[in-house]
Amino acid sequence: MAVKKISPINDDFDLGLLVSISKKSIIWSVLFFAFCALIAFVYLRYTQPEYKASSIIQLGFDNNAGKILQTTNIYQEYNYKDIELLRSPIFIQRTLSTLPLDIGYYTKGTVLSYEQYKSSAYKVEYTILNSEIYNVPITIEFIDRTKATISYTIGNNQLSKDFLLSDTLITEHAKLKVTIEEYKKLDAQKQESNNQFYFIIYDPGTIVPRYLSQLEINILNEQARTIQITAKDFNARKAADIANAIGSEFLVFDKEKKGESADNVINFIDNQLGMVYDRLYETENEIQDFKDRYNIKTDDVKTFDLKPLPDFLGRIETFEEEIIKLEYSLSIYSKIEAEVASNNNLDVYSLVSLIAGSDNDGVVSSHLNTLQQLLLEKEQIQYVVTKNSEQIRSLDYKISIQKKLLSESLSASKIKLKERIKELKLKIKEYEKNIIPVRADGKPEYNELELARLQRIYQINENFYNNLVTKKAEFAISRAGYVSNNIILEQAKTPNSPISPNTNLVIYLFIAGGIVLSIGLIIIRYVLHNDIVSLHDIQRHTSVPILGIVPKYTKDIPVSQLLVDKSPKSMISEAFRSIRTNLQFISNEKGSKIISVTSTISGEGKTFVAINLGGILAFAGNKVVIIDLDMRKPKIHVGFGVQNTKGMSTILINQTTAEECIQKSSLDNLDFITAGPIPPNPSELIISEQMNNLLEHLKSIYDVVIIDNPPIGIVTDGIANMRKADYPIYIVRSQYSKRQFIENINHVIEENKINKLSIILNGVDMERGRYGYGGYGYGGYGYGYGYGYGYGYGYGYYEEDTEKKESNLLGILKKKDKK
């Protein structure tokens, strides 16, 4: 049966292991926090602070004169284009031109530079001669109150000049005039900045893009029609000035823009007044010429006696008045038609105001009103959708259709007006033929009807002229009475603290970063933790019984490695006694026994276990011999502090006898045989017949033969002796051996049929057991014997605990002595 593979990933939760890894990671956590603190300090120290200032304006309008005079409303009440206007580069350029942003004054710090916006002690007037000077830092050093040095670099050319402050410095790039405005302030700034000043003349084309990216125009409350203007800058005062300047300039711009409709109407009236005035002047001259030609005096005109019915003259007068009105409407329709045909950005509001003062066709008014509603709907919907959206395209299509219908209606209305004018002129001629002038005083006859006609035309034009003058006055008063109701609800204030870097946020991020890195390291180390720590790690992956555990020796292990004779009451000694007792459950048959000890790799403590297990068995009165078969890397001679000149290798090649190689230890009943010189063929020697004979010979002399085998994870030399053993023992070291080593244990059982194999967990950190972690109780033979029972007898049962108790007691006594 194939041995089940063990994943190197730790997918089981062990609180004790987690606590242990966390303790081991404390130093790394401290380093992580120190690293994050360093990054936070550097960021806060060397990042240019950025400030934000906001102002709030409310959109609206008020036309007081219009309310008083009851004139037509020619102003747009609410336009979403106002918001886009505030964001437009053209408006921002107009606003920024009101602020001193064309030149920036700076002082140099150790790392950062700081702008002296409206706080510089000196000013620079300039005339650009070469555009290469734009956006170039120009360093200025004040030698004294009368002299200074200017230097700058353009490309590979470096320029430096001394000059008098009373003179204008002329270079190939610019004319510069430096003026000190406050000497005391300059001296203070020189001391603060170590006389390191520079200024930059900005390219006019880069000013708007530079500040436009730092502006935010947002709807604050759509119902209240409020807009928030937010400006960001590295200078707090400048940020507040920009936000306030946009709001103030918008009020001025809004008033100018909203008055354009009234101006258009007034300009049209002015044009009509000029035309009517020319007619009046022409008619007046015709009347005067007529009188001069027939030598007619003013009194003579009153004696005319016309035979036709007076109704003819009245009708002619009515027709002529209607013709003048129709011609006025015709001119308005022509203007509207021209506007619709040529202007994409149609000013519908001015056209509505024009047509409102004429006798217009209802169809034209209807189309114009519909077009006005569509344009307003488009302006409103642009606030929530993009320009290329389906809704915008649909509205554009409707607007184009409405413009076409309006144009067709205007053309049809113009044709009707022209036909009506032509019809009225024909009727006037018919009536004039029926009027026969008669002279009552016998003077020469003249056409009195012509004179009356001229007088009527003059009177009609005069009345029309007066009406136009009245209309112009009304619109002029309405224009003057317009007061923008776009008000600034809140002025931007100079911020006291920057928005970036945010000190509190950086500190929180620093703490969070340290925590995340620390937790991340602990998680990674926990997940990738592949060491065997507790019995639970072994029992999860194998059914091999646990013979016992050996606590970790907290002091330095002596060279002899034999501890049970030196500390008989220690936890290690008690652990080996427990192992000695548990051996009886494996095999309780009488006679000599062979204990074969091995491990997966070197360093897991098999020699240490073999020596001390032999010592504890010898304490019980058993005659014990330990033989070192790890001939590639022998250690028994080191453990007992003897030479390795002869031993197992010399016995197996019949160079020496067993009796010659058996050596006595310091402990009664405990003997040992070293490995001897390292042979070239240790595997052949171990599986030879001489080895079997040697074991039989030793069993006849000793009660227990303990074999220290080579690690079978590296070589397979020890497998044969593990089969022969009455007690085959596999050593696993806590926090050293890998979980994959358990695969090797299962393989030994499955492939080599070593069914009596048991495991000893060596080097266990018992401090973890004190806190309830790990689960070091063991069993496997049905008796449920648990290690660690000594704690139940009270603290101080073992020598280690007694030493700790005495140490704690001494500490308490020392504290009392200090008091």
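Which residues in α18 meet which residues in α19? I began with this pair in a predicted model, where local features need pLDDT of at least 70, side-chain atom pairs count only at pLDDT 80 or more, and totals for chains, interfaces and linings use all residues. Residues are numbered from 1 along each chain as its sequence is written, and side-chain values use heavy atoms, with hydrogens and water left out.

**Entry 1: α18 and α19**

I listed Ser-573, Phe-576, Arg-577, Ile-579, Arg-580 and Leu-583 on the α18 side. On the α19 side I listed Phe-608, Val-609, Asn-612, Leu-613, Ile-616 and Leu-617. Contact here means heavy atoms within 4.5 Å. Helices (H or I, at least four residues) and strands (E, at least two) are DSSP runs, numbered from the N terminus. I sorted the residues of this contact into eight nonpolar, two polar and two charged. In that sorting Ala, Val, Leu, Ile, Met, Phe, Trp, Tyr, Cys and Pro count as nonpolar, Asp, Glu, Lys and Arg as charged, and the others, Gly among them, as polar.

I then looked up the geometry. The axes of α18 (residues 571–586) and α19 come within 9 Å and cross at roughly 75 degrees. Axes are lines fitted to C-alpha atoms, for helices over the stretch in contact, and angles run from 0 to 180 degrees between N-to-C directions. I therefore filed α18 and α19 as roughly perpendicular to each other. The classes are roughly parallel under 35 degrees, roughly antiparallel over 145, roughly perpendicular from 65 to 115, and oblique for the rest.

**Entry 2: salt bridges**

How many salt bridges does a search of the whole structure find? I got 15. A salt bridge is a side-chain nitrogen of Lys or Arg within 4 Å of a carboxyl oxygen of Asp or Glu.

I looked up Lys-606 and Asp-708, whose side chains meet in a salt bridge at 3.0 Å, N to O. Lys-606 lies in α19 (residues 606–619) and Asp-708 in strand β23 (residues 704–708), so the pair ties together parts that are 102 residues apart in sequence. Lys-606 is buried at 5% relative accessibility, and Asp-708 is buried at 0%. Buried means under 20% relative accessible area, exposed over 50%, and partly exposed in between (1.4 Å probe, protein chains only).

Glu-322 and Arg-420 also meet through their side chains in a salt bridge, 3.0 Å from N to O. This pair links distant parts of the chain, with Glu-322 in helix α11 (residues 310–342) and Arg-420 in helix α14 (residues 390–433), 98 residues apart. Glu-322 is partly exposed with a relative accessible area of 26%, and Arg-420 is partly exposed at 26%.

For Lys-664 and Asp-671, I noted a salt bridge with the closest N and O atoms 3.3 Å apart. Lys-664 is exposed at 66%, whereas Asp-671 is buried at 5%. I also noted Glu-115, Asp-233 and Lys-238, which are linked in a network of salt bridges.

Is Thr-230 buried or exposed? I found Thr-230 buried, at 3% relative accessibility. Thr-230 sits in strand β13 (residues 226–233). Its side chain has a polar contact of 3.0 Å with the side chain of Ser-54. A polar contact is a pair of N or O atoms within 3.5 Å; within protein, one must be able to donate a hydrogen and the other to accept it, and residues adjacent in sequence count only if both atoms are side-chain atoms. Apart from neighbours within four places in sequence, Thr-230 is in contact with Lys-52, Ala-53, Ser-54, Gln-214, Leu-215 and Glu-216.

Thr-656 is in the loop between α21 (648–652) and α22 (658–661). I found Thr-656 buried, at 15%. Its side chain makes a polar contact of 2.8 Å with the side chain of Thr-650. Not counting residues up to four places away in sequence, Thr-656 touches Gly-647, Thr-650, Ile-651 and Cys-661.

**Entry 3: backbone**

Most residues other than glycine have a negative phi, and most peptide bonds are trans. I looked up the peptide bond from Ser-500 to Pro-501, which is cis, with omega near -5 degrees. Pro-501 is in the loop between β17 (487–490) and α16 (503–527).

Lys-118 has a positive phi of about 55 degrees. Lys-118 is in the loop between β4 (113–115) and β5 (122–128), and is partly exposed at 36%. Asn-135 has a positive phi near 60 degrees. I placed Asn-135 in the loop between β5 and β6 (138–142), partly exposed at 35%.
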